[in-house]
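Welcome! Here is a short tour of one protein model, written for someone meeting it for the first time.

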Amino acid sequence: MTKISRTRGIQVDGGWSVDSNAFVDEHYNAQEVPFDDTVLFTAVNSITGETVSLSYENAAIGYSLEQILLSRSLGRWMYDEDRSVRTTIAAGHDIEAIYGLLPRFLNPLNKDLIPLRLSSWTVVVNNLTETEAAHHDVELVFSATRGKLFIDVTYTRIEDRPYCVYMGMSKHPYTELTYKLDKPTTTRKVIHLNEVDAVAALIDDLLTGLEPFYASVG
């Protein structure tokens with residue numbers, strides 16, 4: 001499910017912050033060639049210190065997918081010109097093929113995750129799959145944050161509507177993977193749903209259009 005023409009969603013496991021993703025833009029057209037040195041996708045893993053980026057370089061090179069292994073100092077991951085390891089994974093003019101390599105890094109365990117339209121969000125937990133039987137009787141199946149915003153999805157098998165989507169805004173911004181369920185909120189909303197497809201559709205709406213939505217919740 002990595003075809004850009006069919007879906008701009010992507011499988012992203014917990015730990016990854018997707019900083020930018022041009023493919024979720026409804027105006028993005030894979031047939032249009034970007035300007036030189038245009039970054040289309042970037043993500044960093046706060047657990048492993050790994051970053052991946054997909055860019056359009058120029059007419060000669062085409063697109064390139066690059067991995068950087070950050071260096072660690074004073075308890076934080078950071079880029080260091082001398083110590084960080086930079087590797088070009090692939091380059092060429094077939095954006096579909098290069099884009100299709102991203103899940104190898106973003107979902108290294110090859111979990112059967114539902115592709116989501118992520119950009120500017122940190123995924124804390126992601127076990128959102130179409131196979132309901134794979135869940136525990138009670139499980140946090142998805143959690144993501146962006147600044148003060150959060151989305152939290154819990155599965156409870158015995159409930160008539162087993163998926164509980166809890167979303168809102170905290171009083172204080174989250175940093176990296178720091179996330180506490182008991183943090184005080186300024187706005188919040190809870191929605192109970194029966195089907196995981198409805199959950200995925202709601203999450204996509206929240207990920208790509210949160211500002212007007214959060215203006216209306218309380």
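## Arginine 72 and its surroundings

The side chain of Arg 72 comes to 2.9 Å from the backbone oxygen of Gly 75, a polar contact (a pair of N or O atoms within 3.5 Å; within protein, one must be able to donate a hydrogen and the other to accept it, and residues adjacent in sequence count only if both atoms are side-chain atoms). This is a predicted model, in which local features need pLDDT of at least 70 and side-chain atom pairs count only at pLDDT 80 or more, while totals for chains, interfaces and linings use all residues. Residues are numbered from 1 along each chain as its sequence is written, and side-chain values use heavy atoms, with hydrogens and water left out.

Arg 72 sits in strand β5 (residues 71-73); helices (H or I, at least four residues) and strands (E, at least two) are DSSP runs, numbered from the N terminus. With a relative accessible area of 41%, Arg 72 is partly exposed. Here, buried means under 20% relative accessible area, exposed over 50%, and partly exposed in between (1.4 Å probe, protein chains only).

## Salt bridges

How many salt bridges does a search of the whole structure find? There are three, a salt bridge being a side-chain nitrogen of Lys or Arg within 4 Å of a carboxyl oxygen of Asp or Glu.

| Pair | Distance, N to O |
|---|---|
| Asp 13 and Lys 111 | 2.9 Å |
| Arg 86 and Glu 66 | 2.6 Å |
| Asp 137 and Arg 157 | 2.8 Å |

The side chains of Asp 137 and Arg 157 meet in one of these bridges. Asp 137 is in the loop between β8 and β9, and Arg 157 in the loop between β10 (149-156) and β11 (163-170), so the pair ties together parts 20 residues apart in sequence. Asp 137 is exposed, at a relative accessible area of 53%, and Arg 157 is partly exposed at 32%.

## A buried glutamate

Glu 139 belongs to strand β9 (residues 138-146). Glu 139 is buried but has no salt bridge, and the nearest side chain of opposite charge, Arg 157, is 6.6 Å away. (Lys and Arg count as positive and Asp and Glu as negative; His and the chain ends are not counted.) The side chain of Glu 139 does reach the backbone nitrogen of His 136, at 2.8 Å.

## The whole protein

Stepping back, the protein has four helices and twelve strands. Buried residues make up 45% of its 218 residues.
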